[in-house]
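Hi there,

Here is the structure I promised to pass on. Have a look at it first, and my notes follow below.

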Amino acid sequence: MRFIIPIVIILTLASCTNKAKLIETCADEDFLKDYGIVEQCPLFSSASCLTDEQYLYEVDFVESIREGSISLQKKLSGTNYTGSYEGYYKQCEVSFSKHPETFKQKYK
């Protein structure tokens, strides 16, 4: 009995980590689909142009997501100028809770 409890705890933690990674993968894909190319001054948009500093920050942020070299905490707390990563993460959480098996198969 002493050995069963630690095994259950380890399996629970492993499944939580796997869920978070799947949701992060979903959010990365969706974010990069919409903001994968950073434009300093969008042509057909009423949005204002980014300063040089803002533009370089955006390029670095998007590249870090593409390369996987940025932590989830930094993605969620990062203030980027073009779009909110947190919004994509929340959408993926909702999608996971509605259709967990389909979600797992799509993003594993």
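Helix H2 in this predicted model covers residues 52-67, and its 16 residues reach 22 Å from the first C-alpha to the last, close to the 22 Å expected at 1.5 Å a residue. Its buried residues are Glu-58, Phe-61, Val-62, Ser-64 and Ile-65. Viewed down the axis of H2, they fall within an arc of 155°, so they line one face of the helix. The other side of H2 carries the exposed residues Asp-52, Glu-53, Leu-56 and Glu-67. Just after H2 comes Gly-68, with a positive phi of about 75°.

Now to the charged pairs. How many salt bridges does a search of the whole structure find? There are six, and here are some of them.

Glu-63 is partly exposed at 32% relative accessible area, and Arg-66 is partly exposed at 40%.

Salt bridges that share partners also join Lys-21, Glu-24, Asp-28 and Lys-75 into one network. In it, Glu-24 meets Lys-21 at 4.0 Å, N to O; both lie in helix H1 (residues 4-35), three residues apart. Glu-24 is buried, at 10% relative accessible area, whereas Lys-21 is partly exposed at 48%.

Asp-28 and Lys-75 meet at 2.9 Å, N to O. Asp-28 lies in H1 and Lys-75 in helix H3 (residues 72-77), so this pair ties together parts that are 47 residues apart in sequence. Both Asp-28 and Lys-75 are buried.

Best wishes

Methods: Residues are numbered from 1 along each chain as its sequence is written. This is a predicted model: local features need pLDDT of at least 70, side-chain atom pairs count only at pLDDT 80 or more; totals for chains, interfaces and linings use all residues. Side-chain values use heavy atoms; hydrogens and water are left out. Helices (H or I, at least four residues) and strands (E, at least two) are DSSP runs, numbered from the N terminus. The expected span of a helix is 1.5 Å times one less than its number of residues. Buried means under 20% relative accessible area, exposed over 50%, partly exposed in between (1.4 Å probe, protein chains only). The arc is that of the directions from the helix axis to the C-beta atoms. A salt bridge is a side-chain nitrogen of Lys or Arg within 4 Å of a carboxyl oxygen of Asp or Glu.
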